[in-house]
Amino acid sequence: HISPHLPTSPQIPPYVPDDSCLGGVFAGSALCLLVPVVSSSYEALLLAFSAFECLLGLYWPAIALVRAGELDDSQRASTMAVFRVLLNGLVIAVLLGAGYVPEHAVYATASAMLVVCLLGSHVLAMPSDAHGESRGGSGASSEEVPIIAVPERGGLFKKRSSTESPEQDDAE
């Protein structure tokens with residue numbers, strides 16, 4: 001039982017859109033990685049790296065939602081495999097030159113790359129036409145019926161709208 005004399009808190013939205021979440025993650029991470037460039041205080045560095053780790057924990061679920069929304073299931077694995085190969089090449093190149101670049105330059109470069117990610121996420125989140133359709137993906141609008149994956153014979157999954165019944169599958 002809530003007392004009527006206690007102040008009520010404002011309503012918290014049920015979710016934060018993944019595009020907004022990624023923008024916040026990129027902006028916050030860029031600021032966190034700028035701290036080692038401008039400060040050598042142990043406390044400031046500890047706080048900045050702890051905040052960076054928290055933001056990294058928000059990144060993975062948000063990017064998974066973006067991938068699920070923008071890439072079809074049939075494309076997702078092969079597309080991500082290509083990006084993993086490119087990422088591994090980048091990691092090898094950075095590790096080969098790691099000892100030759102000053103630390104502050106590494107953090108400044110990483111922060112600049114996060115700003116580029118922030119700008120890119122805003123550009124990709126903009127509607128691609130006057131009707132407000134987003135780029136890529138299935139093009140699902142908010143008026144469409146949600147899709148449910150159900151097993152077919154043979155263990156494969158097919159997409160079926162929530163209005164279809166399992167009995168319709170047996171008739172086919």
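## A nonpolar surface patch

Leu 87, Leu 90, Val 91, Val 94 and Leu 95 together make a nonpolar surface patch of about 470 Å². Leu 90 is found in helix H3, which covers residues 73-96, and counts as partly exposed because its relative accessibility is 47%, where buried means under 20%, exposed over 50%, and partly exposed in between (1.4 Å probe, protein chains only).

## About the model

This is a predicted model, in which local features need pLDDT of at least 70 and side-chain atom pairs count only at pLDDT 80 or more, while totals for chains, interfaces and linings use all residues. Residues are numbered from 1 along each chain as its sequence is written, and side-chain values use heavy atoms, with hydrogens and water left out.

## The chain as a whole

The protein chain holds five helices and two strands, in the order α-α-α-α-β-β-α from the N terminus on; these are DSSP runs, with at least four residues (H or I) for helices and at least two (E) for strands. Of its 172 residues, 16% count as buried.

## Around Phe 52

Phe 52 lies in helix H2, residues 42-70, and touches Ser 29, Cys 32 and Leu 33 (heavy atoms within 4.5 Å), when residues up to four places away in sequence are not counted. From C-alpha to C-alpha, Phe 52 and Phe 26 are 9.9 Å apart in space, although 26 residues separate their positions in sequence.

Terms used:
Patch = residues over 30% accessible without salt bridge, like charges linked within 9 Å, V, L, I, M, F, W, Y side chains within 5 Å. Areas by Shrake-Rupley, 256 points an atom, 1.4 Å probe, with all protein chains shown as cover. Salt bridge = Lys/Arg side-chain N within 4 Å of Asp/Glu carboxyl O.
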